[in-house]
Amino acid sequence: MKEGTAALFELETSLPDARLKTQAERLVGFKARYDRIHQDLRLLIDKEGLENWSKKHYHNRLPLLDSLFDRYPLVVFHGDVGTGKTATAEAVTNALAGELGKGALLFKLSTRVRGSGNVGEMSSLINQAFDIVGEEAGKAKLSFLIIDEADSLAANRSGSQSHHEDKVAVNTLIQKIDDVRRFNGRVLVILCTNRYEALDPAILRRAAYVEEFRRPDDGERREILNLDCEGLGLTASAIEELVQLTGTHGPHKLGYTFSDIRTRLLPEALVHAYPTRKINHTDLIDAISRVAPSPTIFTTEDRV
Ligand SMILES: Nc1ncnc2c1ncn2[C@@H]1O[C@H](COP(=O)(O)OP(=O)(O)OP(=O)(O)O)[C@@H](O)[C@H]1O
Ligand SMILES: [Mg+2]
């Protein structure tokens with residue numbers, strides 16, 4: 001990590017990365033999602049591949065390619081809390097780098113770029129971050145930039161809670177997103193948010209691809225429970241009961257998120273068994289009564 005960039009990026013890593021590969025393998029539904037979206041994302045960053053395709057099949061460079069690269073290399077991942085947006089964004093960049101067979105860098109913007117409230121600080125930090133990402137892309141590499149919790153940086157400028165500083169930052173962000181087009185497919189920006197409606201319309205208009213994330217359905221909860229409870233010795237019918245109890249027909253009348261199951265429910269069951277005995281079915285059922293699913297994020301529109 002370069003000096004001074006720690007304040008800008010919470011993650012800065014070269015791809016392909018073994019940790020991110022393992023992360024993808026433990027994400028339920030990742031492969032299916034990647035299979036569905038990778039071509040759309042690839043068209044945003046694979047300039048060389050498209051040029052070769054055009055030459056091979058049409059024996060010249062099609063004007064269509066210019067139109068493709070007129071688009072903004074901006075992708076939005078949105079949806080409920082704990083549904084895997086951040087983890088998927090990281091895993092997707094890793095898989096794309098692998099698919100293109102190119103070395104790439106992944107930067108994840110830190111929420112610290114909001115700064116400490118000094119005038120112009122947020123804009124200046126955003127500028128610095130994009131400069132670094134662009135510099136790396138300029139070295140003929142591919143750079144991915146993940147802007148997590150994007151609603152905190154890219155909130156609608158017309159909102160009543162939007163302060164002058166926030167508006168300036170959104171303007172800067174828009175300008176920077178316009179700017180990355182000049183890298184001709186060497187930079188891809190992924191915004192993650194659980195408050196899609198809160199994003200500024202000018203940012204949303206620029207998104208070339210938007211992907212929604214939802215709480216897991218019965219099949220996906222079955223899959224994560226089977227994956228994470230492997231070796232515990234639970235019967236198929238015990239798993240099935242957990243699938244039902246963690247869904248909308250369960251005691252909380254709200255489905256558990258992936259994160260609720262993996263990072264809250266299962267540790268809660270373990271707490272009662274560890275270190276003296278094995279986890280049993282009752283530990284899991286009891287954990288469900290003690291751990292409620294995360295509340296859904298309500299948007300401003302929902303409240304009125
Ligand atoms: N598809 C999935 N399969 C298995 N586990 C998942 C999945 N999605 C999320 N998780 C678990 O939930 C944790 C949180 O996921 P992540 O941070 O990606 O969610 P998010 O959608 O970004 O949430 P937030 O809106 O709160 O930022 C992951 O570290 C992982 O343990
Ligand atoms: Mg997240």
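## Ligand shell

The shell around ligand 1 comprises 8 nonpolar, 8 polar and 2 charged residues (nonpolar: Ala, Val, Leu, Ile, Met, Phe, Trp, Tyr, Cys and Pro; charged: Asp, Glu, Lys and Arg; polar: the others, Gly among them). Of these 18 residues, Gly84, Thr86, Ala87, Phe258 and Ser259 come nearest; a residue is near if its C-beta atom, placed from the backbone, lies within 6 Å of the molecule. Two or more residues are given by each of α5 (85-100) and α11 (258-273), and α11 supplies the largest share, 4 residues. Helices are DSSP runs (H or I, at least four residues) and strands likewise (E, at least two), numbered from the N terminus.

The model is predicted: local features need pLDDT of at least 70 and side-chain atom pairs pLDDT 80 or more, whereas totals for chains, interfaces and linings use all residues. Residues are numbered from 1 along each chain as its sequence is written, while chains are lettered from A and ligands numbered from 1 in the order written.

## Helix pair

Helices α6 (residues 121-138) and α7 (residues 164-179) pack at about 15°, with axes 8 Å apart; α6 and α7 are therefore roughly parallel (angles under 35 degrees). Their contact residues divide into 6 nonpolar, 3 polar and 3 charged.

## Phenylalanine 183

Phenylalanine 183 lies in the loop between α7 and β5 (187-193). Phenylalanine 183 is partly exposed, because 19 other C-beta atoms lie within 10 Å (buried: 20 or more; exposed: 12 or fewer; partly exposed: in between). The C-alpha atoms of phenylalanine 183 and lysine 253 are separated by 48 Å.

How values were computed
Axes fitted to C-alpha atoms, helices over the stretch in contact; angles between N-to-C directions. Parallel < 35°, antiparallel > 145°, perpendicular 65-115°, else oblique.
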